Protein chains: 2
Amino acid sequence: MTRAPRAALIATGDELVGGAFVDTNSGALARRLAQCGWETTRCIVLGDDEDLLTATLRELAPAHDAVVITGGLGPTLDDVTRHAAARAAGVELALDARVLAELQALFATRQRPFPPSNERQALFPAGAEVLANPQGTAPGFALTLGACLVCALPGPPREMLPMLERELVPRLARHRPPSSGLAQRALYLVGLPEGVFAEQCGAAMRRDANPLVGVTAKNSVLSVSVRARAASVPEAEALAERHADELARRFHAHVYSRDEPDLAQVLGRELLARRIAVTCAESCTGGLLAARLTQVAGISAVFERSFVTYADRAKTEELGVDPALLARHGAVSAEVAAALALGAARRAGARLALSITGIAGPAGATADKPVGLVWLGRAFDGAVVTEQRRFLALGRDLVREFAVTAALDLGLRALVPRPH
Amino acid sequence: MTRAPRAALIATGDELVGGAFVDTNSGALARRLAQCGWETTRCIVLGDDEDLLTATLRELAPAHDAVVITGGLGPTLDDVTRHAAARAAGVELALDARVLAELQALFATRQRPFPPSNERQALFPAGAEVLANPQGTAPGFALTLGACLVCALPGPPREMLPMLERELVPRLARHRPPSSGLAQRALYLVGLPEGVFAEQCGAAMRRDANPLVGVTAKNSVLSVSVRARAASVPEAEALAERHADELARRFHAHVYSRDEPDLAQVLGRELLARRIAVTCAESCTGGLLAARLTQVAGISAVFERSFVTYADRAKTEELGVDPALLARHGAVSAEVAAALALGAARRAGARLALSITGIAGPAGATADKPVGLVWLGRAFDGAVVTEQRRFLALGRDLVREFAVTAALDLGLRALVPRPH
C-alpha cells in the first residue's frame with residue numbers, strides 16, 4: 001500500500017496569529033484535499049513575517065508533495081507571500097506585464113486612479129505560473145520547490161474558495177504521486193454521546209486502523225469520518241463506503257445524514273420536497289431556531305412566519321397560551337411547550353410547528369428547574385409530542401445551540417422517523 | 001527596547017487538521033497572551049501524531065519562551081500529548097498516585113466502574129507539574145524544555161479556558177523575561193470600509209511601526225488593534241492607550257466600542273442600563289437579529305417578544321402592514337421597513353423596534369432590487385428612521401449578517417448618537 005500524497009497548509013496574517021480572527025481557509029482546504037485523496041499533515045498560522053514564512057517554506061517543502069499558502073497577496077507592505085516564496089525558491093520577483101495591464105484596466109473601469117501600491121500585485125516569483133482570481137485584485141501563483149508544488153492563494157474566503165476549485169484541485173490531481181489511494185466518507189449523528197459511540201467503535205478508532213474512524217462532537221451532533229487507504233483510489237473508495245454503510249446500519253437510530261452536516265439543511269430539504277409548511281415558537285432560543293431554518297435557500301416556499309415569545313405575557317398574547325397553564329406549570333414545562341407548538345401551528349396555519357422553552361442561564365434557574373433544562377414541543381398535523389432535555393450547563397450560548405439542534409431533530413423525526 | 005516574550009501554540013487533533021472542526025483555542029490563547037504582553041509567533045495544528053508532535057516541540061522550544069499545547073490529553077490511544085512531551089524532554093512517563101486516586105473517586109461518585117483506559121490520564125512526564133482541571137477528567141501539565149516553558153492543556157474550550165486563567169497566566173507571568181513591554185488596545189468600528197481606514201492610517205500599519213495598527217474586517221465590522229512596544233509594560237500601556245485615543249477621535253463617527261467587539265452586546269448593555277424595551281420585525285434575516293439580542297444575558301428585562309414575518313401575508317396579519325403598501329412599494333422598501341418597525345413597536349409595547357427587509361438571495365432579486373439590497377427601519381418613541389443598504393452579494397449568509405450588523409448599529413445610534 002503506497003502512502004497518500006501529503007500536503008501542509010500555511011495561513012498568513014497578523015490578525016490570524018493574534019487571535020483576532022479564525023483561519024477558516026485551512027479547514028476548507030483540508031476537507032477538499034481529503035476528498036481528493038490528499039492527507040494534510042499540519043496547518044500553520046503565521047504572522048505577516050517574510051523571514052519566518054521563507055524559513056517555513058524551506059522546511060516544509062522537502063517533506064511534502066504540496067504546500068498551500070493562503071493570504072499575504074494584497075497590495076500593502078505587510079503582504080509578504082510573493083517575496084517569501086521567491087526567496088525560498090532562490091529566484092527574483094518579476095513583473096507580469098499582462099497582470100499589470102489587467103489591474104490597471106480594472107481600476108480604469110471603476111474610474112479610480114491606479115494606486116502604485118497595487119503594482120505589487122503584478123509581481124511574481126520568476127518562473128511561477130499565475131493563477132487567475134476573478135473575485136479580486138490579487139492573483140495567486142504556483143511554482144515548484146524541488147518536487148513540492150507550492151500554491152499561493154488569496155486570503156479572503158470568497159476569493160480563495162473559487163480558486164481552490166478552479167486552480168488548485170486540477171494541479172493537485174496532476175501532481176499526485178502514482179497509485180496512492182485515500183478515500184473518505186462521512187456520517188452525521190444526533191442524540192448519541194461521543195463516548196458511547198467511541199466505545200462501540202473500539203479498534204476502528206486506533207490510529208493505525210484501516211479504515212480509520214474519527215469522531216468529533218459539536219453542539220450535540222457527532223461528525224464521523226471514515227478514512228480508508230488502499231493501493232488505488234477506487235479500492236479506497238469501496239473500502240470506505242463499505243465501512244460507512246456498516247456504521248450507518250449499526251447507528252441507524254442516530255444517523256440523520258451522510259452528506260449534509262447541517263441538520264437545519266436536512267430538515268429544510270425534507271420540508272421543501274414535501275411542501276410542508278413550518279413555523280416555530282421560541283422562548284429561550286430567542287429566534288435562533290427560525291434563523292437556522294431561514295438559512296436554507298428557498299425556504300420561503302414553506303416558511304411564512306415565526307414567533308419569539310420570550311416573556312410569559314407574549315406567550316399568551318401571541319400564541320394563546322393559557323395564563324393558568326403558565327401559573328400552574330411554569331413556562332418551562334411540557335404543558336407550555338405543547339401549547340406553544342399548537343398555538344404557533346394554528347396562528348401560522350402550518351402543518352409543522354416546533355417549540356422551545358428552557359433555562360439557558362445564567363439566571364432563571366430554580367431548585368427543580370436547573371440551567372440546561374429545556375422542554376421541546378412539536379405539533380405535526382395536530383399531533384403533539386413533547387420532549388424534556390437536560391443539557392449540561394455549559395453557558396448560555398451552548399444551551400441555546402443544544403436546544404436548537406434537539407428541536408430540529410424532533411422536527412426531522414416527524415418526517416423521517418428513526419427507531420429509538 | 002527589549003523584545004517581547006515569544007510563544008508558539010500547538011493544537012492537536014485529527015478532526016482539526018482534517019478540517020472537520022475549527023481550532024478556536026489558539027485564537028483565545030493568542031488574545032490572552034497579547035494582553036499579558038506576549039507575542040505569539042505561530043499557531044500549528046497537528047493530527048494525533050506522536051512523532052510529529054515530539055519533533056515539533058523539539059524544534060519550537062529553543063526559539064520560544066513558551067509553547068502551549070491544547071488537546072491530546074484524553075484517555076484514548078489517539079491522545080499522545082503526554083507521550084510526545086516526555087520524549088521531547090527525554091524523560092519517562094510516571095504515574096501520579098494522587099491524580100489516579102482522584103480519577104477513581106470521581107468515577108465512584110458517578111457509580112460507574114473505573115475504565116482502565118482512564119489510568120492513562122494519571123500519567124505525566126517525570127518532573128512535570130500537574131495542572132488541575134476542575135471541569136474534566138484530563139489534568140494538564142507544565143514542564144521546561146531548556147529555557148522554554150511547555151504547558152499542556154485539554155482541548156475542550158470549556159475545560160481549557162478556566163485553566164488558561166488559573167494555571168497558564170500566572171506561570172507565564174513568572175516565566176517572562178525581565179523588562180520587556182508589549183501592550184495592546186482595541187477599537188471596534190462599524191460602517192467604514194477597511195480600505196478607507198487603512199489609507200487614513202498609512203505608515204502606522206507598516207510592520208515596523210510602533211505603535212503598530214492592525215485591522216481586520218468581518219461582517220462589516222472593523223476590529224482595530226493598536227500594539228505598542230516599550231522598555232516596560234507600563235510604558236507600552238501608556239503608548240498604546242495614547243494612540244488608541246487618537247484613533248478614537250479621528251474615527252469617532254464609526255467607533256462603537258473600545259472593549260466589546262460584539263455590537264449586540266453593546267446595544268444590549270445600553271438597553272438594559274436605561275430599561276428601554278426592544279423588539280424586532282424581521283423578514284430576510286428570519287430571526288437572526290432577535291437571536292443576537294437574546295444572546296445578551298439578562299435581556300429578558302427589556303425584551304419580551306419579536307416577530308419573524310417572512311411572507312407578505314405575515315407582515316400584514318402579525319404587524320398590520322397595509323397590503324396596499326406592499327402592493328405599491330414591494331416588501332423591500334422604505335415604506336414597508338417603516339411600517340414593520342412601527343407595527344412591531346405597537347404590538348410589543350416597546351420603545352425601540354428594529355426592522356429588516358431585504359433580498360438575501362440567491363433568489364428574489366428583480367431588475368431594480370438586486371441581491372444585497374436591504375431596507376432597515378427603526379421606531380424609537382414613535383420617531384421612524386429608515387436606511388437603505390446595498391451590500392455586496394456575497395451569499396445569503398453574509399447578506400443576512402451584514403443586515404443584522406447594520407440594524408444593531410441603527411438601534412445603537414438611537415441611544416448613543418454619533419455624528420455622521
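**Figure 1. Burial of S220(B) in a predicted model.** S220(B) is buried, because 23 other C-beta atoms lie within 10 Å. A residue is buried if 20 or more other C-beta atoms lie within 10 Å of its own, exposed if 12 or fewer, and partly exposed in between, with C-beta atoms placed from the backbone. This is a predicted model: local features need pLDDT of at least 70, side-chain atom pairs count only at pLDDT 80 or more, and totals for chains, interfaces and linings use all residues. Residues are numbered from 1 along each chain as its sequence is written, while chains are lettered from A and ligands numbered from 1 in the order in which they are written. S220(B) sits in the loop between strand 10 (212–218) and strand 11 (221–230) of chain B. Helices (H or I, at least four residues) and strands (E, at least two) are DSSP runs, numbered from the N terminus. Neighbours within four places in sequence aside, S220(B) contacts V190(B), F402(B), T405(B) and A406(B). Contact requires C-beta atoms, placed from the backbone, to lie within 7 Å. R42(B) is 178 residues from S220(B) in sequence and 27 Å from S220(B) in space, C-alpha to C-alpha.

**Figure 2. The four-stranded sheet of chain A.** This open sheet has the strand order 10-11-9-12, with antiparallel pairing. Two strands pair if DSSP finds at least two bridges between them. Strand 10 (212–218) and strand 12 (255–257) of chain A form the edges, each pairing on one side only. Neighbouring strands are turned by 35° against each other on average, direction ignored. Axes are lines fitted to C-alpha atoms, for helices over the stretch in contact, and angles run from 0 to 180 degrees between N-to-C directions. Strand 9 (residues 181–190) and strand 11 (residues 221–230) of chain A pair antiparallel over 10 bridges. L189(A) has L222(A) as its bridge partner in strand 11 of chain A. Helix 7 (residues 194–201) of chain A lies across strand 10 and strand 11 of chain A. Helix 7 runs at about 170° to strand 10 of chain A.

**Figure 3. Two cis peptide bonds in chain A.** One joins N210(A) and P211(A), with omega about 0°. P211(A) lies in the loop between helix 7 and strand 10 of chain A. Another joins G361(A) and P362(A), again with omega about 0°. P362(A) is in the loop between strand 15 (352–358) and strand 16 (373–380) of chain A. Most peptide bonds are trans.

Figure 4. Ten strands form an open sheet with mixed pairing, in the order 17(A)-16(A)-15(A)-13(A)-14(A)-14(B)-13(B)-15(B)-16(B)-17(B). Strand 17 (383–390) of chain A and strand 17 (383–390) of chain B stand at the edges, each with a single partner strand, so one side of each has no neighbour in the sheet. The twist averages 10° from one strand to the next. Strand 14 (residues 305–309) of chain A and strand 14 (residues 305–309) of chain B pair antiparallel over five bridges. S306(A) has V308(B) as its bridge partner there. In chain B, strand 16 (residues 373–380) and strand 17 run antiparallel, joined by eight bridges. F380(B) stands opposite A383(B) in strand 17 of chain B.

**Figure 5. Contact between chain A and chain B.** Chain A gives 65 residues to the contact, and chain B gives 64 residues. Strand 2 (residues 39–46) of chain A gives the most to the side of chain A that touches chain B, with seven residues. That side of chain A has 28 nonpolar, 21 polar and 16 charged residues. Ala, Val, Leu, Ile, Met, Phe, Trp, Tyr, Cys and Pro count as nonpolar, Asp, Glu, Lys and Arg as charged, and the others, Gly among them, as polar.

**Figure 6. Domains of chain A.** The domain assignment gives domain 1 (6–175), domain 2 (181–257) and domain 3 (263–415). Such bounds come from an automatic or database domain assignment. The centres of domain 2 and domain 3 of chain A, taken over C-alpha atoms, are 31 Å apart. Their contact takes seven residues from domain 2 and eight residues from domain 3. On the domain 2 side, three residues are nonpolar, four polar and no residue is charged.

Figure 7. D381(A) has a positive phi of about 50° and is not a glycine. D381(A) lies in the loop between strand 16 and strand 17 of chain A. D381(A) counts as exposed, because 9 C-beta neighbours lie inside 10 Å. R275(B), also a residue other than glycine, has a positive phi near 55°. R275(B) lies in the loop between helix 9 (263–274) and strand 13 (278–282) of chain B. R275(B) counts as exposed, with 9 C-beta neighbours inside 10 Å.

Note on methods
Two residues are in contact if their C-beta atoms, placed from the backbone, lie within 7 Å.
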